[in-house]
Amino acid sequence: MTDHVLTRIANRTGIITLDRPKALNSLSLEMVRALTDILLGWRDNGRVDAVVLTSSSEKALCAGGDIRFFHEVGQKGPTGGSALLEDFFTEEYALNHLIHFYPKPYIAIMDGVVMGGGMGIAQGGPDCGLRIVTERTKMAMPEVNIGLFPDVGGSHFLSHAPGRLGNYLGLTGLTIKAADALYVGLADVFVPSAELPALNALIETTGGAALPAAIRAFAAPFAQAAGESELQARRTLVDTHFGAGSVAAIMASLERDETPFAQQALKAMRQRSPLLMCVTHELLARGAALSVADCLRMERSLVRRNFEHGEVLEGIRALVIDKDNAPQWNPPALEQVTPDMVARFFEPVWPGHAHPLRHLA
């Protein structure tokens with residue numbers, strides 16, 4: 001399938017190791033397919049009681065989807081590589097759904113960079129998932145930075161964050177560390193990176209079904225070592241500013257606040273795609289009332305609309321391909337974004353019976 005996804009079974013625990021270190025384990029279509037095949041195979045395998053997702057590199061669990069691939073095939077148009085693009089997002093979102101509802105404990109070691117698509121394969125279901133962070137964790141949903149929106153289920157897990165923290169993370173795309181991830185509810189336990197060899201030894205020697213409880217007990221002495229959450233300390237500020245009714249109102253509120261925290265958020269938003277910030281604001285409002293499956297179906301339609309518009313292609317060009325850091329957003333200014341432009345992104349692409357994710361339950 002791919003050399004970038006390694007597997008083994010140790011003491012009834014299936015261990016998946018992402019091994020594409022030069023690309024920070026960015027997900028290719030082949031990696032998505034490999035992960036799906038592995039998880040489907042282990043789902044009904046009596047020799048596997050739990051699954052652990054980890055990385056061969058301390059720099060990243062997964063930095064996201066392979067955006068160079070997005071740009072390459074997205075440029076080819078409907079008669080070129082766009083079928084591969086369609087396949088990627090359909091299969092990636094189906095994988096996110098599979099992980100969210102996986103019937104066996106699914107444990108993600110989120111050491112290093114965990115962003116975008118990496119969050120999609122780390123945010124397991126609430127009943128039997130376990131998400132581990134370290135002091136090296138750098139977590140974000142930075143899609144607005146490239147003219148995209150928080151996908152891979154982001155419309156669900158960000159919209160269910162406490163207060164307006166999901167709006168803050170989705171609209172700024174800023175990075176958080178372990179303490180904030182724990183506070184926001186995007187991680188469960190903290191383990192210092194120096195203790196990862198001991199954690200791996202625990203995984204090797206503990207029966208799969210007992211693994212989540214064993215890891216929680218192992219991590220308990222380190223609970224305070226994650227430090228204080230800045231987002232917890234700034235929670236009132238975040239809720240005040242990011243509870244405003246529109247992106248323009250949020251930015252206007254931030255402009256009146258001279259604290260470094262507010263000004264950092266404002267500076268980030270001034271660099272993002274005005275249109276995709278507005279789309280993201282609407283996406284999170286809608287996602288709060290939808291199931292995981294319906295969120296993924298909504299995101300799948302938005303991806304098609306986004307590539308039709310071209311915003312993400314321009315964002316990737318500016319930040320990754322040409323690296324001029326000067327994206328020509330369309331429209332270029334927030335005041336030029338109309339409600340009709342935003343509504344266009346939410347228009348159905350397929351009738352319900354033909355949606356590529358129609359089978360998600």
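At what angle do the axes of helix H2 and helix H3 cross, and within what distance do they come? In this predicted model, the axes of H2 (residues 67-74) and H3 (residues 82-100) cross at roughly 140° and come within 8 Å. An angle counts as roughly antiparallel over 145 degrees, and H2 and H3 are therefore oblique to each other. Their crossing is left-handed. On the H2 side, the contact involves Phe-69, Phe-70, Val-73 and Gly-74, which meet Ser-82, Leu-84, Leu-85, Phe-88 and Phe-89 of H3. Sorted by class, the residues of this contact comprise 7 nonpolar, 2 polar and no charged ones.

From H6, Tyr-168, Leu-171 and Thr-172 take part in the contact, and from H13, Phe-261, Ala-265, Ala-268 and Met-269. These residues divide into 6 nonpolar, 1 polar and no charged.

Asn-25 was examined individually. This residue sits in the loop that runs between strand E2 (13-18) and helix H1 (29-43). Asn-25 counts as buried because its relative accessibility is 1%, where the cut-off for buried is under 20%. The side chain of Asn-25 reaches the backbone nitrogen of Arg-20 at 2.7 Å. Leaving aside residues up to four places away in sequence, the residues touched by Asn-25 include Leu-18, Asp-19 and Arg-20, as well as Met-31 and Ser-55. Asn-25 also touches the residues Ala-60, Leu-61, Cys-62, Ala-63 and Gly-64.

Conventions
Residues numbered from 1 in each chain as written. Predicted model: local features only at pLDDT ≥ 70, side-chain atom pairs only at ≥ 80, totals over all residues. Heavy atoms only, no water. Helix = DSSP H or I, 4+ residues; strand = E, 2+ residues; numbered from the N terminus. Buried < 20%, exposed > 50% of the residue type's maximum accessible area, 1.4 Å probe, protein only. Polar contact = N/O pair within 3.5 Å; in protein donor to acceptor, adjacent residues only side chain to side chain. Contact = heavy atoms within 4.5 Å. Axes fitted to C-alpha atoms, helices over the stretch in contact; angles between N-to-C directions. Parallel < 35°, antiparallel > 145°, perpendicular 65-115°, else oblique. Left-handed = near helix turned anticlockwise from the far one by under 90°. Nonpolar A, V, L, I, M, F, W, Y, C, P; charged D, E, K, R; others polar.
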